[in-house]
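Let's take a friendly walk through a structure. Have the sequence and the 3D view at hand as you read.

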Amino acid sequence: MSTIDYTKNEVNVKGNRSLKEIDDLIIAPLDRIPNMKFFIAIGITSTMLLIGAIGIALSFYYGTGLWGNNNPVGWAMPIVNFVFWVGIGHAGTLISAILFLLRQRWRNGIARFAEAMTIFAVITALIFPIIHTGRPWVAAVYLLPYPNQHGLWVNFNSPLLWDVFAVSTYFTVSLVFWYVGLIPDFAVLRDRATGRIKKVIYSIFSLGWRFSNRHWQHYEMTYLILAGLATPLVLSVHTIVSFDFAVSILPGWHTTIFPPYFVAGAIFSGFAMVQNSLIVIRKVFDMDDLIPIKTLETMNKIILLTGTMVGYAYSMEFFIAWYSGSQPEYFTFVNRAFGPYSWAYWTMFSCNVFIPQLFWIRKIRTSIVPMFIIAIFVNVGMWFERFVIVVTSLSRDFLPSSWAYYRPTITDFAILIGSFGLFFTLTLLFTRFLPSIAIAEIKAVSEGAQPSHHGGEDHE
Amino acid sequence: MNNSVDKNKNQIDLPVVKSESKPSHWRSLDEYNNTSTDNQLKVKANEFAEGAENFDIGSKSKVSRRKFMALMSASSAMVMAACTDYRDKGEIVPYAVKPEEVIPGIANFYASTLTSDGSGQGILVKAREGRPILIEGNPQHPISKGKLDANGIARILDMYDPGRLQRPRKIQGSKLVDSDWKVIDKEIIQSLNSASSSGKEIAIFTGKIVSPTYAKLIEDFKVKYPTTKVYSYELFNDNNKQIAWKKSTGGNNYPLIDLDKAAVILSIDSDFLGTDGNVNENIRQFTTNRDFENPTSYSRFYQVEGSYTLTGSNSDYRLRLTPENYLDVVASLVNHFASKQGKPTMSGFKSLESLAKENKWKHEAASKLLSDLESNRGKAIVIGGKQLPVDLHVAINYLNDLIGASELYRKSESNFNAVSLSSDDEIATLANNVKSGNVGVLINIDINPTYHLPYHFTADNLKKVKTVVSLSEFENETSNNSNYVLGINHDIESWGDAKIRTGVISTQQPVIAPLYDTRQREAILLNWMNGGENYSEDIYHKYLQSNWETNIYPSLNRSVPFKEFWFATLHDGVTTFNETSIVSTEVNSSSVSGIKPTNKSNYSVILQENYFIRDGRYAGNGFLQESAHPITKITWDNCAMISPATAKELNVEIGDMIEVALNGKAIDLPVLIQPGMAEKVIAVDLGYGRTNSGAIGNGVGFDVTPFMTSKGLSKWIYTGATVKPTGNKYELVATQEHHALDDEFLITEVRKNAEGEVTGGGETFARARSIIQETTVANYIKNPKILKEHEHDVFSITKDFEYNNMKWAMSIDMNKCIGCNACSIACYVENNIPVVGKEEVGVGREMGWIRIDRYFEGSPEDPIMSNQPMLCQHCDNAPCENVCPVVATTHSKDGLNQMVYNRCVGTRYCGNNCPYKVRRFNFFDFRDNLANGHYKTESTKIMMNPEVTIRARGVMEKCTFCVQRISQARQNAKEDGRTLKGSDVTTACQDACPANAIEFGNANDKDSRVAMMREHNLGYHVLDYLNVKPNVTYLAKLRNSDSLGVKSEHH
């Protein structure tokens, strides 16, 4: 069957498994002793994490001077990494909340994993605002508005403070949302658990879930409300992260296009990262049926869409810079494309704008290997986008006397590697300790779960 | 008062109980009945319990009760003291007997003089609780008038440098080991005696001596040791100028010039604003005629030079020329005037027109020079650099005579040399005597012959001298070849006097007892003369005082008794008197006959004096090493400056190594492409490449003293060098990137006419972004509002804060600022700014709060340069303030942008958002980071200004407008019961500025100068279109030329 029948919904879950089979399949990784591959994988990621930890420890001991930052370039890799990871954290909530509200059922297979990634990405991101400060030991306290006898208060005019609230709110809501979704699955796990300890833990986390109709009713309502709450956050977090730049007066940062541009970019990179990870997961755990190619294809379409939006933003920035007639503004953009950091700019541009255009081709959109490679390019490109925005603008701003070229140091890279180490270590542990796919939700979209006119049979 | 006493009496009277009567108030029945009296008496008699009466403490122990208590409390106090880790180890102790003049928290100022560097500058030393923390110029000194060069300001760091020689050392085997003055004195006196008796020469080899008493001491020394000879040497000296003056006029002393009366100045490669002559005085006089309020008498200044000097950067017309052709310029001018006046001319030289064409000078420059010299007779002067050959000076003297410049020669005063510098022949004689073993004792005082005269005073040659004694503050290259290395006192630990001019004599007094076991150089000599037995710290003090009493005081004809006079002079630091100076001005016109043109062959090499390291003596001073070269902005290095075209010819880029071979000596040097250099000229700073200059100075830069031979045009100028690239690379670090003149960074292209002259274009960022605003004098006179014409009104959408009372503001007059960096060094000292070192400057982390930005404009071959001191602008709408998440940077109601270091967490957002990029972040604990914590030692800690917080690692810092001085002034005003005025406060940079370019005060005080400058037609704010409302106003520079080298104006 090479033609598509548009009169019917495509199936979101293949394989026509029974409910028990679904349980078994999803929970399988939790039950068996991991094989050698897993230990090698977690060995690598935790080594990366250790490298990062050493980098951070050295930075704490000697000072931020171990990084490449200098006097015009006050922000560099740590902030680039922060924005990158917060961006990655966007896909999860978008998939679980916005797509939930939009009744996009294809999301059910990937929602759990995407949400977990959101949590881990935000945890990874949250390291950076603290460690990038000169005095992290006081930054962790002084950035919070706690009442004190000294009459010290935080500055609510500062976008950095908005950031503190935006990201922490986002983290909290994402975490709650994720946990609420996990409750029925914890109940399944509890019911299946054989060991005493497991049973106790799962019992606690399942909050006495008994699969009763009333439970489901409350659950669905809570989930809906939380989805409603999380939806604006998807837009607000990166908007506020973009304010860190847009509220300044620096050419290249001081741009009104930043909020939508950042949100689009965040979704873009988040989807790419989810896609990358899912491809690995579904292969390793034989979940091809639960996450069919069709789901991945839909994600690729979103990558194509957001990539094009990002490309539009790049061009529009350039146009406005020229149109503004402001010399420093215009110079900043010319300098980005043709100055000393042009290598970073064109890396960004090709990875984010040119390469995703390949997704117009259906064959590429639906083949695992090409889409995997393209998504990696997107992630690289989006990291460079933040690098271009943060570093090129700072390195050459108003007074040419202060211009300076920024070069990252080995410590900068160690911390970058460490952030990937943290993220993937958490992800790997997640696949071992929690169901990577929402059991309850996947059951809801598997064949026969929905009432139909022909007895649940979708076949001719 | 009486009342209260009476009350007390009553109270005391009350409890007296009369035994017969019943008390009106009673506490118990016993008391009421008075029955207990007996009992009480009994108790009183047996105060102690039964048996206690017989207890004789004396029989039990020899320790009395009192003694026991004392021992007990002392031992418990000791135990407690031993257990505590109280970090202040008892160093803050109030005075038991407070010195009358010291009030804790209030600074004292002592007037003194710098003598060790041969400058004789009058200084004021600011001391807090007995610790000197800042050296400033002495306002009462008639020559320096309260100003001090960058080196003098930075000298405070030498004082506390942990690398100072802390005790005398003598050689043992091949190593210098610490020894004792007694031992060393004895041994040296023996050597002196044996040299003296065996007829061997005792050579005192010293730097410039400015002290008359020191000079007399040396004479006395000669009497005691008759074989003594004195040699005085400076790497940079004005001997050629002196010789030429003698040749031209027969006079001994070339005259001082009244630069402030000159309308036209032609300088032939004289760096008189940087290194040549009395720089502070030159700057003051030169800038007098660069007055924006008086544009019609604005002087015009032409500079002919091959290198690019600070002075050249301040010229109206900079005429690039290879040094071989300097003589042609002078000769063609001589011929022009001499032929008119019927005086002897000079033949065989190129004409001015052909030089102008060859070197692509601005088309009007040559003709303007001629007409200016002609029409300003008596108001025009030609100045020759001290490094120029004698012939050239002779020609310049003649030219000055022809143009009537003798009217600008100062008649009332002249230079005074306590001891004249030795001629090159005399130094050669000393070298020969050393080599031939005729010298028995060589005493090096404040001089480094092994480094400065590398061919003469080698280790091998010095071995032929039985006893080599080196007196210096720091170890140096000569120390390694000496038998004795004696640490001497810093200037502010020493007594002395100085006379550098006729009619002025200044005194030097110690402000602190010697930190280490060192002695002042004069005292060491004096002690040897006295037999070395009875040294006391005040021997030279007494000698000085008696010399003044017997020799100097009587010649001054003062009416006050000596004691009063002496203390008054010490207090003021200087005294003036009438002294006639003989200035010969009759120039012998035949002196120029026989002067032949010099021919250029291959590359020329100019060895120049560095503005901060000088002859290398300051190589160990971190402030000076880190100070950016005013032209190249290079720190921590010297380099071979070459023009862009020469670089192209050699096919080299910045940082490529070239091998410069001169008279058989080849040295590898890193290239710096310096726009504006003359073609095929290589300029290198001397004084670098020190090998024994401590943790800071070792291995910084490249030593080019081996180039100094007798085969040059002069000792500092050579021709016939060959150059080839070596293919190696070297990292030069600068505080500014070297891209500002790459073609891609010119916003408009340079336009040239058929002859290759620049006709326009070449507009740069500095102009397009209104960072630098300039205009010509003529345009300004024509239209005073020329710079205001294109001003746009920017408005705020929020209500501005109203500053009703004080509003601190600064104005910087760019007509006066010459870019010397004194402000920056003064700021380092005043505000405890750390030195970060080459590596950190290389990654852009220098910490200076005020820097001098440099911008070029025009073509890379012949640009004009603009300076701009850049510091925190204390903006009303400060963009740094609203982005700080923890409110660590705030605005005071008197207009200061403040930093709260304790609150700062170091997000660096403020720095990012500062359009002027004046905020500096402490990426490390920089004091600890540099050279193994060289500047984080006990001694450097006590140098810190106690009024300024030492910033921790991880916080942001920036210019505070010297808020500590504002607080001090406010406190003083409060004490005096008056309101604070803007003029009560001067900032450290303002005090240091030799040109008085910086004004500081209350912008709301309409009568103040700072307010006037804010409103002035030439006043502008950098990046005004951002509407951040900066409070530092710059007064646009006027250039006294026809055009700015580019499009005449920016519109």
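This is a predicted model: local features need pLDDT of at least 70, side-chain atom pairs count only at pLDDT 80 or more; totals for chains, interfaces and linings use all residues.

Where the two domains touch, domain 3 of chain B supplies 17 residues and domain 5 of chain B supplies 20 residues. Which helices of chain B each supply at least two residues to the domain 3 side of this contact? They are α10 (279-288) and α11 (310-313) of chain B. With 4 residues, α10(B) gives the most to that side. Sorted by class, the domain 3 side that touches domain 5 of chain B holds 6 nonpolar, 6 polar and 5 charged residues.

## Chain B as a whole

Chain B has 1051 residues, and 55% of them are buried. Its secondary structure contains 35 helices and 39 strands. Now consider contacts in chain B between residues at least 6 apart in sequence: 73% of them join residues at least 24 apart.

## A closer look at B:Q121

Is B:Q121 buried or exposed? There are 30 other C-beta atoms within 10 Å of B:Q121, and 20 or more count as buried, so this residue is buried. You can find B:Q121 in the loop between β1 (107-113) and β2 (122-128) of chain B.

Leaving out residues up to four places away in sequence, B:Q121 touches B:T113, B:L114, B:G137, B:S144, B:L148 and B:G152.

## Helix pairs in chain A

Turn next to helices α3 (residues 77-88) and α9 (residues 213-246) of chain A, which pack at an angle of about 165° with their axes 10 Å apart. Angles over 145 degrees count as roughly antiparallel, so α3(A) is roughly antiparallel to α9(A). Their crossing is left-handed. A:V83, A:V86 and A:G87 of α3(A) make the contact with A:V237, A:H238 and A:V241 of α9(A). By class, these contact residues are 4 nonpolar, 2 polar and no charged.

A second pair is α5 (residues 108-131) and α16 (residues 410-433) of chain A, whose axes come within 9 Å and cross at roughly 150°. That angle makes α5(A) and α16(A) roughly antiparallel to each other. Here the crossing is right-handed. From α5(A), the contact includes A:F120 and A:I123, while α16(A) brings in residues including A:L422 and A:F430. The contact of α5(A) with α16(A) has 9 nonpolar, 3 polar and no charged residues.

## Where chain A meets chain B

How many residues does each chain bring to the contact between them? Chain A brings 41 residues and chain B brings 44 residues. On the chain A side, the elements giving two or more residues are α6 (136-142), α7 (159-192) and α12 (327-338) of chain A. That side of chain A has 22 nonpolar, 17 polar and 2 charged residues.

Notes
Residues are numbered from 1 along each chain as its sequence is written. Chains are lettered from A and ligands numbered from 1 in the order in which they are written. Two residues are in contact if their C-beta atoms, placed from the backbone, lie within 7 Å. Ala, Val, Leu, Ile, Met, Phe, Trp, Tyr, Cys and Pro count as nonpolar, Asp, Glu, Lys and Arg as charged, and the others, Gly among them, as polar. Axes are lines fitted to C-alpha atoms, for helices over the stretch in contact, and angles run from 0 to 180 degrees between N-to-C directions. Angles under 35 degrees count as roughly parallel, over 145 as roughly antiparallel, 65 to 115 as roughly perpendicular and the rest as oblique. A crossing is left-handed if the near helix is turned anticlockwise from the far one by less than a right angle, and right-handed if clockwise. A residue is buried if 20 or more other C-beta atoms lie within 10 Å of its own, exposed if 12 or fewer, and partly exposed in between; C-beta atoms are placed from the backbone.
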